[in-house]
Amino acid sequence: MAGSNCTPVTTFSLTGLTNDPGAQAALFLLFLLIYIVTILANLGMLPLIMASPRLHTPMYYFLGNLAFVDLCSSTTIAPKMLADFLLEKKRVTYAGCVAQVLVFDILGVTEGFLLAMMAYDRYVAICHPLLYSVTMSPKCCFQLVTCSYLMGLMNGVGQTIGMLRLSFCSSSVIDHFFCDISPLISLSTSDTTLNQIMLRTLASLFGVSSSLVVLLSYIAIISTILSIRSAEGKCKAFSTCASHLAVVSIFYGTSIFMYLKASSRDDKRAAVLYTMVTPMLNPLIYSLRNQEVKEALRRLTKMKRSCMLYIAAAALLSGGPHWGFNCGKFTLENLSLSSFLGPSEKPVGLLLVVSRQRNLELQLALFMAFLVVYLMTLLGNLGMIILIRTSPQLYSPMYYFLGNLALVDFLYSTVVTPKLLADLVRQKPLSYVGCVTQVFVFSVFLVTECFLLATMAYDRYMAVSHPLHYSVLMSPRLCAQLVGGSYLAGLVNGMGQTIGMFNLSFCGSVVVNLFFCDLSLLVSLSSSDSTLTSLIMTVPTFLFGVSSSLIVLVSYIAIVSTILSIRSAEGKCKAFSTCASHLTTVSIFYGNGLFVYLKPSSLKSREEDKWVAVLYTVVTPMLNPLIYSLRNQDVKEALRRLRARKRT
């Protein structure tokens with residue numbers, strides 16, 4: 001470690017690509033264009049794959065994950081790089097540097113393994129075509145993708161732990177345009193032997209293993225292609241690998257160039273290739289060289305035009321916008337809901353959720369269980385709001401956010417649970433307007449809760465990492481703006497989801513196999529073209545989900561970094577205790593979200609999905625106030641004082 005007279009570095013300076021103002025302006029415009037193309041291409045690839053049934057294959061499942069990784073890795077580097085072109089001083093905080101190292105190292109190794117999995121997929125498709133659907137089953141694909149992310153996570157955590165051991169005293173200037181582990185190791189004033197070993201071991205382990213999978217797969221592919229007699233057969237077999245081979249060549253080509261570089265300038269040039277150019281090229285290669293993607297894009301464009309013409313014609317004929325179209329002799333008028341027990345034998349009405357089991361004892365047991373949970377939810381969240389409003393010691397940003405979280409939990413639980421309880425006793429139809437209202441309100445409060453949890457993570461970061469400036473930084477005005485922004489994001493999501501639902505039409509008896517109106521199920525049950533609605537549903541969910549979870553992730557990386565820098569065990573324990581309740585709540589909330597959205601549709605069980613839905617609609621709103629009241633000393637003390645005042 002560095003000597004005792006060492007002053008820890010809190011901010012790093014980046015040298016960037018150039019100091020020439022004219023070159024900086026030109027590079028800003030160039031990289032801004034590249035970044036915009038990267039965002040549009042990768043964001044376009046994701047909904048295209050999801051909305052096109054012809055692309056629901058293992059190859060495009062891997063490609064969708066590759067597009068997601070490219071989008072995230074580019075966003076980790078590009079915004080800061082573009083901002084530095086316009087700033088005289090290119091600075092990044094220590095916490096920001098740690099976060100950049102973690103995220104970039106995770107995504108870099110994840111991309112390497114995803115390309116390896118795609119090479120294996122091409123090997124199975126060409127060498128064992130008759131067994132392809134059995135070998136590359138949905139379960140196998142899910143496991144391969146999960147393994148890729150786990151390998152990336154192991155690399156990122158390993159490199160970050162290594163960085164946290166380093167101390168920086170004599171210099172804080174990084175000769176690069178982003179925080180990379182290699183220049184940071186060379187900049188450190190502490191012993192870097194262990195870090196060098198860790199860097200080389202992880203790079204060798206993950207780099208060699210993924211490249212070996214690619215190499216062996218293509219050796220087998222080439223061997224199989226050469227054994228094909230007809231030139232047409234060879235050409236057809238090779239064409240299925242052309243796009244992947246081009247992407248692999250670019251990825252591993254830049255990696256090899258980076259590790260065989262001769263100077264720091266070469267290092268920066270290689271870094272520009274794999275941080276900015278490669279994420280842009282990957283979706284372009286797959287869209288320009290792949291006939292299936294181009295055909296899916298043509299069909300999607302044609303469907304969008306047909307959909308818009310259909311809506312416009314209906315609006316003109318009816319004298320205004322017409323969202324519930326007649327199909328045959330049916331008109332969309334009402335909706336019946338039931339519990340998550342399953343479908344019945346004879347559905348009645350237009351939209352129905354009915355039960356497989358007519359066991360009155362089971363229904364009664366579920367009714368009593370959910371009634372107790374709902375009463376605890378009401379009492380817990382209303383009690384938390386009243387306690388915060390009446391206790392002066394809880395007049396702080398943290399509890400201001402917690403009060404809003406309790407309000408949101410109370411409201412969005414009330415949107416779902418009362419109807420669920422009523423349907424367990426006796427099923428009654430729900431009007432179309434009621435279903436639209438449920439979709440709107442639930443979508444609003446779900447995203448609002450995401451951003452409230454992200455805001456609370458940022459609040460904990462300020463409290464732990466900048467305690468002396470906390471009251472100034474987290475001013476009442478800023479807190480109100482953060483909460484207002486959370487509600488605004490929820491409102492935008494709710495309006496988008498509701499507009500998407502208005503684009504759907506339903507014909508005949510439609511069974512919604514869930515206990516509340518969920519847009520993803522309604523899309524699959526619609527008798528009209530749901531492509532536009534799928535896009536409207538997917539893009540905001542991705543945008544709001546990723547942005548809020550990134551805030552939480554980056555905040556906790558900074559918090560962990562600060563806690564690890566505290567010398568006393570008591571200080572570490574005290575700092576961590578201020579985040580324990582929030583961390584528990586975040587883990588439960590995002591754990592449910594990840595399970596729902598990252599599980600491939602082919603692996604999903606409707607019964608499983610119902611119980612997961614119970615967790616995030618009924619159980620989680622009950623747990624949040626309990627976690628904060630049982631684990632938080634301030635809340636327990638305020639509760640004791642309130643009881644004492646009542647007795648007096």
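**Walking through the fold**

Reader: What share of the contacts in the protein with a separation of 6 or more comes from residues 24 or more positions apart?
Author: Keep in mind that this is a predicted model. Take the contacts in the protein with a separation of 6 or more, and pick out those between residues 24 or more positions apart. Their share is 77%.

Reader: How many helices and strands does the protein have?
Author: Both kinds of element turn up here. The count is 20 helices and seven strands.

Reader: What about the accessible surface: how much of it belongs to carbon and sulfur atoms?
Author: Start from the total, which comes to about 31100 Å² for the protein. The part belonging to carbon and sulfur atoms is 67%.

Reader: Are H13 and H17 roughly parallel or roughly antiparallel?
Author: Helix H13 covers residues 432–465 and helix H17 covers residues 531–565. Their axes come within 9 Å and cross at roughly 20°. Angles under 35 degrees count as roughly parallel, so H13 and H17 are roughly parallel.

Reader: Which class has 16 residues in the contact of H13 with H17?
Author: On the H13 side the contact includes Val447, Phe451 and Arg460, while H17 brings, among others, Phe544, Ser547 and Ile551. Sorted by class, five of the contact residues are polar and one is charged. The class with 16 is nonpolar.

Reader: Now H3 and H5: are they roughly parallel or roughly antiparallel?
Author: Helix H3 (residues 94–127) and helix H5 (residues 138–164) have axes 7 Å apart and pack at an angle of about 150°. Angles over 145 degrees count as roughly antiparallel. H3 and H5 are therefore roughly antiparallel.

Reader: Is the crossing of H3 and H5 left-handed or right-handed?
Author: The contact of H3 with H5 has 19 nonpolar, seven polar and one charged residues. As for the hand, H3 passes H5 in a crossing that is right-handed.

Reader: Is Tyr61 buried, partly exposed or exposed?
Author: Tyr61 sits in helix H2, which spans residues 58–86. Its relative accessible area is 23%. Buried needs under 20% and exposed needs over 50%, so Tyr61 is partly exposed.

Reader: How far apart in space are Tyr61 and Cys141, C-alpha to C-alpha?
Author: Along the sequence, Tyr61 and Cys141 are 80 residues apart. In space, the C-alpha to C-alpha distance is 7.9 Å.

Terms used
Residues are numbered from 1 along each chain as its sequence is written. This is a predicted model: local features need pLDDT of at least 70, side-chain atom pairs count only at pLDDT 80 or more; totals for chains, interfaces and linings use all residues. Side-chain values use heavy atoms; hydrogens and water are left out. Axes are lines fitted to C-alpha atoms, for helices over the stretch in contact, and angles run from 0 to 180 degrees between N-to-C directions. Helices (H or I, at least four residues) and strands (E, at least two) are DSSP runs, numbered from the N terminus. Angles under 35 degrees count as roughly parallel, over 145 as roughly antiparallel, 65 to 115 as roughly perpendicular and the rest as oblique. Contact means heavy atoms within 4.5 Å. Ala, Val, Leu, Ile, Met, Phe, Trp, Tyr, Cys and Pro count as nonpolar, Asp, Glu, Lys and Arg as charged, and the others, Gly among them, as polar. Accessible areas come from the Shrake-Rupley method with a 1.4 Å probe; for residues, only the protein chains shown count as cover. A crossing is left-handed if the near helix is turned anticlockwise from the far one by less than a right angle, and right-handed if clockwise. Buried means under 20% relative accessible area, exposed over 50%, partly exposed in between (1.4 Å probe, protein chains only).
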